[in-house]
Amino acid sequence: MWFFYTLIPCLLIDGVAILPAPQNLSVQSTNMKHLLTWSPVMVPGEIIYYFVEYQGEYESLYMSHVWIPSSWCSPTKGPECDITDDITATVPYNLRVRATQGSETSAWSTLKPPFNRNSTILTPPGMDVTKDGFHLVIKLEDLGSQFEFLVAYWRREPGAKEHVKVVRSRGIPVHLETMEPGAAYCVKVQTFVKAIRRHSPFSQAECVKVQGETLPLALALFGFVGFMLILVVVPLSIWKMGRLLRHSCCPVVVLPDTLKITNSPQKLISCRREEVEACVTAMLSSEEPFRTWI
């Protein structure tokens, strides 16, 4: 029994039970997600809570070495803490953890060496390469607002030129290029994090191919009929419009039959002269009796 009690992870100092401090602190950091882990403190039949605190360069130099409780882990039950929201600068951070159970509290355990987020492991994002008709489309995994993506794509053929496009949208399909029928196109991508000035490796290339496609017979026939209609309708419309414009601007005036001249001008002049002479003779004849009466 004495040996069993010596294995219980608590100590008696001046009559006060002291929990053992958490051990084996480490940070697992991938793609700017930081997880602090430690070995759990084991007390049979008891629930252990943990408190996590951090101290950055600013707190150390300008705030008298003050320690700040973690946003999500003060307290926490599990032997891990997501400290991503606490690490906001690319500087060394001191991290420490202690255990509590009721009124019992362990000493602080501090991470050695301090953690800097520029040590995070960057991996290529997940991507989905598809074709939408003749369009090459890529959809990238959303890794957070700090990430940009360098997308390299090329036509799979000897001597093909590699194109690079910077993509900042996350989780949204992005059109890369219009593909030619029967050609294959390949895509690879890497991440870039401006805050730490680092790139991830490129992903494995993924390729898609557009099968050679021909127009269906009905569509071809429809196109031919439409072309022939255009050839017939357009010239006819232009001719009809020309006639309408000509009749609107320069109408043709048709004289009535009574105003039409059917004889030659010379004959008309001679006829007029005879009529005038006859008229004069008639007037003179009518004046003779008047003179005799006078």
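This briefing describes disulfides, charged residues and a surface patch in one predicted structure. The structure is a predicted model, in which local features need pLDDT of at least 70 and side-chain atom pairs count only at pLDDT 80 or more, while totals for chains, interfaces and linings use all residues. Residues are numbered from 1 along each chain as its sequence is written, and side-chain values use heavy atoms, with hydrogens and water left out. The whole structure holds two disulfides, and the count of salt bridges comes to five.

**Terms**

- Buried means under 20% relative accessible area, exposed means over 50%, and partly exposed lies in between (1.4 Å probe, protein chains only).
- Helices (H or I, at least four residues) and strands (E, at least two) are DSSP runs, numbered from the N terminus.

**Disulfides**

- A disulfide is a pair of cysteine sulfur atoms within 2.5 Å; with the bonded cysteines of the chain numbered in sequence order, the pairing is 1-2, 3-4.
- Cysteine 73 is joined to cysteine 81 by a disulfide with an S to S distance of 2.0 Å.
- The torsion about the S-S bond of cysteine 73 and cysteine 81 is about 100 degrees, so this disulfide is right-handed.
- Cysteine 73 is buried, at 4% relative accessible area, and cysteine 81 is also buried, at 1%.
- In the disulfide of cysteine 186 and cysteine 207, the sulfur atoms are 1.9 Å apart. This pair links distant parts of the chain, with cysteine 186 in strand β16 (residues 184–193) and cysteine 207 in strand β18 (residues 206–209), 21 residues apart.
- The link of cysteine 186 and cysteine 207 is right-handed, with 100 degrees about the S-S bond.
- Cysteine 186 is buried because its relative accessibility is 3%, whereas cysteine 207, at 37%, counts as partly exposed.

**Salt bridges**

- A salt bridge is a side-chain nitrogen of Lys or Arg within 4 Å of a carboxyl oxygen of Asp or Glu.
- Arginine 96 and glutamate 53 meet through their side chains in a salt bridge, at 2.7 Å from N to O. The two residues belong to distant parts of the chain: arginine 96 is in strand β8 and glutamate 53 in strand β5 (residues 49–55), 43 residues apart.
- Both partners are buried: arginine 96 has a relative accessible area of 16%, and glutamate 53 has 14% relative accessibility.
- Glutamate 148 forms a salt bridge with arginine 168, and their closest N and O atoms are 3.2 Å apart. Here, too, distant parts of the chain are linked: glutamate 148 lies in strand β13 (residues 147–155) and arginine 168 in the loop between β14 (163–167) and β15 (174–178), 20 residues apart.
- Arginine 168 is exposed, with a relative accessible area of 55%.
- A further salt bridge is formed by the side chains of glutamate 162 and lysine 188, at 3.9 Å from N to O. Glutamate 162 lies in the loop between β13 and β14 and lysine 188 in strand β16, so the pair ties together parts that are 26 residues apart in sequence.
- Glutamate 162 is partly exposed, with a relative accessible area of 40%.

- Arginine 117 is located in the loop between β10 (109–110) and β11 (127–132).
- Arginine 117 is buried yet has no salt bridge, and the nearest side chain of opposite charge, that of aspartate 85, is 9.6 Å away. For charge, Lys and Arg count as positive and Asp and Glu as negative, while His and the chain ends are not counted.
- The side chain of arginine 117 makes a polar contact of 2.9 Å with the side chain of threonine 90. A polar contact is a pair of N or O atoms within 3.5 Å; within protein, one must be able to donate a hydrogen and the other to accept it, and residues adjacent in sequence count only if both atoms are side-chain atoms.
- Arginine 98 lies in strand β8 (residues 94–101) and is partly exposed, with a relative accessible area of 28%.
- The C-alpha atoms of arginine 98 and glutamate 53 are separated by 9.0 Å, although the residues are 45 apart along the chain.

**Nonpolar surface patch**

- Phe224, Val225, Phe227, Met228, Leu229, Leu231, Val232 and Val233 form a nonpolar patch on the surface, with about 750 Å² of accessible area together.
- Patches are made of residues with over 30% relative accessible area and no salt bridge; like charges are joined within 9 Å, and nonpolar side chains (Val, Leu, Ile, Met, Phe, Trp, Tyr) within 5 Å. Accessible areas come from the Shrake-Rupley method with a 1.4 Å probe, and for residues only the protein chains shown count as cover.
- Leucine 231 is found in helix α3 (residues 217–249) and counts as partly exposed, at 45% relative accessibility.
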